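Work through the exercises below with the structure in view. Try each task before reading its solution.

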Amino acid sequence: MKVSKYLKKSVVELSPYSSARDEYAGDNALLLDANENAFNFQYNRYPDPYQRKLKNKIAEWRGIDARSIFLGNGSDEVIDLLIRSVCTPGKDRILSLDPSYGMYQVSAAINEVDMDLVKLNLNLKLNRSVLFEKLSSNHKLVFICSPNNPNGGMIDTEIIEELLVRSKGLVVVDEAYIDFSNAISWIERLAEYDNLIVLQTMSKSLGAAGLRIGMAFMHPELVKALNKVKPPYNISIPSQEAALRRLDQLDAVDQSIGEIISERSRVRSCLEKMAIVKHVYVSCANFILVRFDHAEEIFSELKLRKIIVRNRTKERGCEGCLRITIGRRIDNDFLINTLLEIEKMKYK
Ligand SMILES: *Cc1c(COP(=O)(O)O)cnc(C)c1O
C-alpha cells in the first residue's frame with residue numbers, strides 16, 4: 001500500500017476493533033451478535049459503522065467513488081482522526097495558515113503535536129514564497145482552508161498544486177464553504193494526488209450543522225486506515241437518516257445558497273457605505289469579515305440588542321474585525337439597521 005508512507009507505523013500495523021456489525025451487512029437476519037435489547041424501541045440497533053447507504057448517496061451527488069469517502073462526527077472529528085493517524089507527537093509537525101480555522105490548532109494541541117503557522121499578508125492573502133519558506137519534510141499534515149475562515153478568501157490553485165507536489169505529507173484542503181463560491185472543488189483532482197484530502201461538511205451549505213456530519217474525500221486506502229482508527233459507530237442512526245433526507249432536498253438547498261450569495265453582496269454594499277466600517281474583505285463564503293472603527297464597542301452594542309456576531313479582534317491579522325454570518329434577508333436587514341442606529345447614536 002503506497003499511501004502507508006503518509007501514516008504512522010502504529011496505524012498501518014493496527015488491527016482494528018472488530019465490531020459486531022462488521023461481520024454481517026445484510027438485511028433480515030436474526031441479530032444476536034451485539035448485545036442489543038431486541039425489545040421495541042426505534043433505535044435499539046447499532047448503526048452501520050461504514051454508513052454505506054449515506055456514502056452511496058453522497059457519492060452520486062458529488063460524482064465520486066463511494067470508496068473514497070470517509071464520514072466523521074463533524075469535520076472536527078475527521079481533523080482529530082487525521083492528526084492522530086499521521087503525526088507522532090514530539091516528532092512530526094503540522095503546517096497551517098494564520099489566521100485560519102481554529103480547530104486545527106486546538107486539535108493539534110490536544111494531541112501534543114507541534115504546529116507551524118504561515119502568516120497571511122495584510123490583505124489576508126497567502127504569499128507563495130512565505131509558505132514554501134516554512135514548509136519542511138517534518139510537516140506530515142498541512143491544513144489549507146479555502147475559502148478561508150475567517151476572511152472568506154480563496155487560496156490560489158497554483159499554490160495548492162505546488163504544495164501537493166512538494167509536501168512530503170498529506171495536504172488537507174478544507175472546503176467547508178466551497179458551495180458558496182464559484183470555484184471547482186479539489187475533489188476533481190483526487191486522482192492526480194495520492195496525498196490530497198478534501199474536507200467538506202453538512203454543517204454550512206446543507207444547513208445541517210446539528211446532524212454532525214463531516215465528509216472527507218481521499219485515496220481509498222487512506223479511508224481504510226481512518227476506518228481502523230475511528231470509533232466504530234461514530235455516526236448515529238438518526239443522523240444518517242436525516243442526512244439522507246436532506247440530500248433529497250437539494251433544490252431547496254441550492255435556492256438557499258443562491259439567496260445567501262446575493263445577500264452577501266447586498267450586505268457588503270450596505271456596510272461599505274457606513275462611516276464606522278473601514279474595510280470589508282472579499283468573501284466567497286457565507287460570512288464576511290469587516291474591519292470597524294471601535295469594533296469592540298460595536299460588538300457589545302450589537303450584543304445588547306441581541307445580535308451576536310463573531311469577535312475576531314484578538315486574532316492576528318484581524319485586529320478591529322468582526323465576522324458576520326449572512327442570514328436571511330430579514331436577519332440581514334435587522335443587522336444593517338441596527339448598525340446604522342449605533343453609528344448615528346455614537347459616532348456622528
Ligand atoms: C464550520 C467549519 C467546519 C465544519 O465543522 P463541522 O465539525 O463539520 O461542523 C470545518 N472547517 C471549517 C473551516 C469551518 O469553518
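**Exercise 1.** Which residues does Ile213 touch, not counting residues up to four places away in sequence?

*Solution.* Contact means heavy atoms within 4.5 Å. On this basis, Ile213 touches Leu54, Leu71, Gly72, Gly74, Thr201, Met202, Ile235, Ser239 and Ala243. The model is predicted, so local features need pLDDT of at least 70 and side-chain atom pairs count only at pLDDT 80 or more, while totals for chains, interfaces and linings use all residues. Residues are numbered from 1 along each chain as its sequence is written, and side-chain values use heavy atoms, with hydrogens and water left out.

**Exercise 2.** Which residues touch the most other members of the largest nonpolar core?

*Solution.* Start with the terms. A nonpolar core is a set of buried Ala, Val, Leu, Ile, Met, Phe, Trp, Tyr and Cys residues joined through side-chain atoms within 4.5 Å. Buried means under 20% relative accessible area, exposed over 50%, and partly exposed in between (1.4 Å probe, protein chains only). The largest core has 76 residues, and Ile213, Phe217, Leu271, Phe292 and Leu339 touch the most other members. A second, separate core of 31 residues includes Phe70, Val78, Leu141 and Leu170.

**Exercise 3.** Is Leu340 buried, partly exposed or exposed?

*Solution.* The relative accessible area of Leu340 is 38%, so Leu340 is partly exposed. Leu340 belongs to helix H11; helices (H or I, at least four residues) are DSSP runs, numbered from the N terminus. Between the C-alpha atoms of Leu340 and Cys270, which are 70 residues apart along the chain, the separation is 9.7 Å.

**Exercise 4.** How are H10 and H11 oriented to each other?

*Solution.* Two packed helices are described by the angle between their axes and the distance between the axes. Axes are lines fitted to C-alpha atoms, for helices over the stretch in contact, and angles run from 0 to 180 degrees between N-to-C directions. For H10 (residues 295-304) and H11 (residues 329-347), the angle is about 120° and the axes are 11 Å apart. Angles under 35 degrees count as roughly parallel, over 145 as roughly antiparallel, 65 to 115 as roughly perpendicular and the rest as oblique. H10 and H11 are therefore oblique to each other. In the contact, Glu297, Ile298, Glu301 and Leu302 of H10 meet residues of H11 including Leu335, Leu339 and Ile342.

**Exercise 5.** Are H2 and H8 roughly parallel or roughly antiparallel?

*Solution.* The axes of H2 (residues 52-62) and H8 (residues 237-246) cross at roughly 25° and come within 9 Å. H2 is therefore roughly parallel to H8. Lys53, Leu54 and Lys57 of H2 make the contact with Gln240, Ala243 and Leu244 of H8.

Technical notes: Helix = DSSP H or I, 4+ residues; strand = E, 2+ residues; numbered from the N terminus.
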